[in-house]
Amino acid sequence: PATPKNTEYPVEVLEFTSDVSKVRDFFSGLEPTGGHDIPEDLFAGLDTAVKLDWRATTRTAILIADAPCHGQRFHPFDDHYPLEPDP
């Protein structure tokens with residue numbers, strides 16, 4: 001599911017492809033933006049990944065983040081979503 005840039009939904013999606021130039025263009029077009037708190041919406045990333053059109057029975061995902069997930073039970077940082085539920 002593609003999402004428009006700069007929306008409230010924090011996930012950018014590139015559907016599975018073997019086209020290397022699409023992957024390169026996707027990554028070069030990403031721009032980091034902040035939600036004005038340290039945590040990231042890791043659960044949204046994982047939730048989006050499991051909804052992609054997986055064709056293989058074995059599924060591997062690599063999630064890259066530079067901060068902990070939302071939810072104060074996981075960390076001591078300021079968090080705009082301190083009660084983030086598990087997905």
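A salt bridge is a side-chain nitrogen of Lys or Arg within 4 Å of a carboxyl oxygen of Asp or Glu. The model is predicted, so local features need pLDDT of at least 70 and side-chain atom pairs count only at pLDDT 80 or more, while totals for chains, interfaces and linings use all residues. Residues are numbered from 1 along each chain as its sequence is written, and side-chain values use heavy atoms, with hydrogens and water left out.

**Exercise 1. Confidence and overall make-up**

Task: State the average pLDDT of the chain, and describe its secondary structure and burial.

Solution. 
Step 1. pLDDT is the predictor's confidence in each residue, from 0 to 100. The chain averages 81, and 85% of the residues score at least 70. Over residues 1-6 the pLDDT is below 50, yet beyond near neighbours in sequence this stretch has twelve contacts in the model (contact means heavy atoms within 4.5 Å). Where pLDDT is low, the predicted coordinates should not be read in detail.

Step 2. Helices (H or I, at least four residues) and strands (E, at least two) are DSSP runs, numbered from the N terminus. The chain has two helices and zero strands.

Step 3. A residue is buried under 20% relative accessible area, exposed over 50% and partly exposed in between (1.4 Å probe, protein chains only). Of the 87 residues in the chain, 24% are buried.

Step 4. Among contacts with a separation of 6 or more, 60% join residues 24 or more positions apart.

**Exercise 2. Salt bridges**

Task: How many salt bridges does the structure hold?

Solution. 
Step 1. The structure holds three salt bridges.

Step 2. Arginine 55 is exposed at 77% relative accessibility, whereas aspartate 53 is partly exposed at 47%.

Step 3. Lysine 51 and aspartate 47 form a salt bridge at 3.0 Å, N to O. Lysine 51 is exposed, with a relative accessible area of 58%; aspartate 47 is partly exposed, with 30%.

Step 4. Aspartate 25 forms a salt bridge with arginine 24, and their closest N and O atoms are 4.0 Å apart. Arginine 24 counts as exposed because its relative accessibility is 53%, and aspartate 25 counts as partly exposed because its value is 46%.

**Exercise 3. Aromatic pairs**

Task: Why is the pair of phenylalanine 26 and phenylalanine 27 classed as it is? Characterise also the pair of phenylalanine 43 and phenylalanine 74.

Solution. 
Step 1. Rings of Phe, Tyr and Trp (its six-membered ring) pair if their centres lie within 6.5 Å; planes under 30 degrees apart count as stacked, over 60 as edge-to-face and the rest as tilted. By this rule there are three aromatic pairs.

Step 2. The ring centres of phenylalanine 26 and phenylalanine 27 are 5.5 Å apart and their planes stand at 80 degrees, so the pair is edge-to-face. Phenylalanine 27 is exposed at 54% relative accessibility.

Step 3. Phenylalanine 43 and phenylalanine 74 are also an edge-to-face pair, at 6.2 Å centre to centre and 70 degrees between the planes. This pair links distant parts of the chain: phenylalanine 43 lies in helix H2 (residues 42-50) and phenylalanine 74 in the segment after H2, 31 residues apart.

Step 4. Phenylalanine 43 is buried, with a relative accessible area of 15%, and phenylalanine 74 is partly exposed at 40%.
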